[in-house]
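Biologist: Please take one part of this model and go through its packing closely. Keep it brisk, and spell out the cut-offs as you go.

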Amino acid sequence: MRLLGTTRSPYVRKVRVFAAETGLIDRMELELHSVHMAGFSPSVTALNPLGRVPTLVTDDGQVFRDSLVIGVYLATEAGRHDLWPADRDALLRVMNTHAVATGLIDILILRLVELGKPKDRIWPELIDATASKIDAVLDHFEAGIGELEAEGRTLGTLSVAVVLDYLDFRFHDIDWRARRERLAQWHRTVSDWPALRSQPFMDASPALAGKIR
Ligand SMILES: N[C@@H](CCC(=O)N[C@@H](CS)C(=O)NCC(=O)O)C(=O)O
């Protein structure tokens, strides 16, 4: 399998973590492609009209174009119904957890992109709105920590761990642990999960360090 991506994208890291968790990482080759909203990579666009990573090409030529779609493919391929349950209610819980975690990634990327603009083009109201939403999502996780614990290891909770790691990776100015001791403790515990440990964020290209790619 070929995974088109980067080592600094949170969406790609979700997939790398899912692949490690399912044991399919050894069958996957990470092909580095730097992409950006304001540009595109012809080799990514040839496979994914959105021009986005992660994009996965399976050994039998199927192409999957979103981190959740790839995650479901990997979990079902590996027969891991604990990660992506067959039971309807359990599945809806995992999907909800996943949606909030990945929605937070979307908000963080939006914030990075906005902050990357020349100062006179930054929209301050948007920066403020992202700050409120980041707080609200983190408070939501803190309040629902019992549910995260009960859910165990799923595509949802792995995504929560990835977005918390992403805050540590890119947002040193956001002290997300303050006032959220239970979430911080949960994060410390899950950070020991082998799939998360084995697939860290990396900024491989010093020239691009800190850029949103
Ligand atoms: N919903 C997609 C989002 C993927 C995404 O936005 N990836 C970013 C990299 S961090 C990207 O490719 N951005 C380039 C673009 O949007 O043109 C997923 O979960 O895989």
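Modeller: Helix 1 and helix 7 pack at an angle of about 135°, and they are therefore oblique to each other. Angles under 35 degrees count as roughly parallel, over 145 as roughly antiparallel, 65 to 115 as roughly perpendicular, and the rest as oblique. The axes of helix 1 and helix 7 are 10 Å apart. An axis is a line fitted to C-alpha atoms, for helices over the stretch in contact, and angles run from 0 to 180 degrees between N-to-C directions. Helices (H or I, at least four residues) and strands (E, at least two) are DSSP runs, numbered from the N terminus.

This is a predicted model: local features need pLDDT of at least 70, side-chain atom pairs count only at pLDDT 80 or more, and totals for chains, interfaces and linings use all residues. Residues are numbered from 1 along each chain as its sequence is written.

The crossing of helix 1 and helix 7 is right-handed. Right-handed means the near helix is turned clockwise from the far one by less than a right angle; anticlockwise is left-handed. On the helix 1 side, the contact uses Pro-10, Arg-13, Lys-14, Val-17, Phe-18 and Glu-21. Helix 7 answers with Leu-155, Leu-158, Ser-159, Val-162, Val-163 and Tyr-166. Contact here means C-beta atoms, placed from the backbone, within 7 Å. The residues split into eight nonpolar, one polar and three charged. Ala, Val, Leu, Ile, Met, Phe, Trp, Tyr, Cys and Pro count as nonpolar, Asp, Glu, Lys and Arg as charged, and the others, Gly among them, as polar.

Helix 7 (residues 155-170) also meets helix 4 (residues 88-115). Their angle is about 20° and their axes are 7 Å apart, so helix 4 and helix 7 are roughly parallel. Helix 4 passes helix 7 in a left-handed crossing. Helix 4 brings residues including Val-94, His-98, Ala-101 and Leu-108. Among the helix 7 partners are Leu-155, Ser-159, Val-163 and Tyr-166. This contact holds ten nonpolar, six polar and one charged.

Just after helix 3, Gly-79 takes a positive phi of about 65°.

Note on methods. Contact = placed C-beta atoms within 7 Å.
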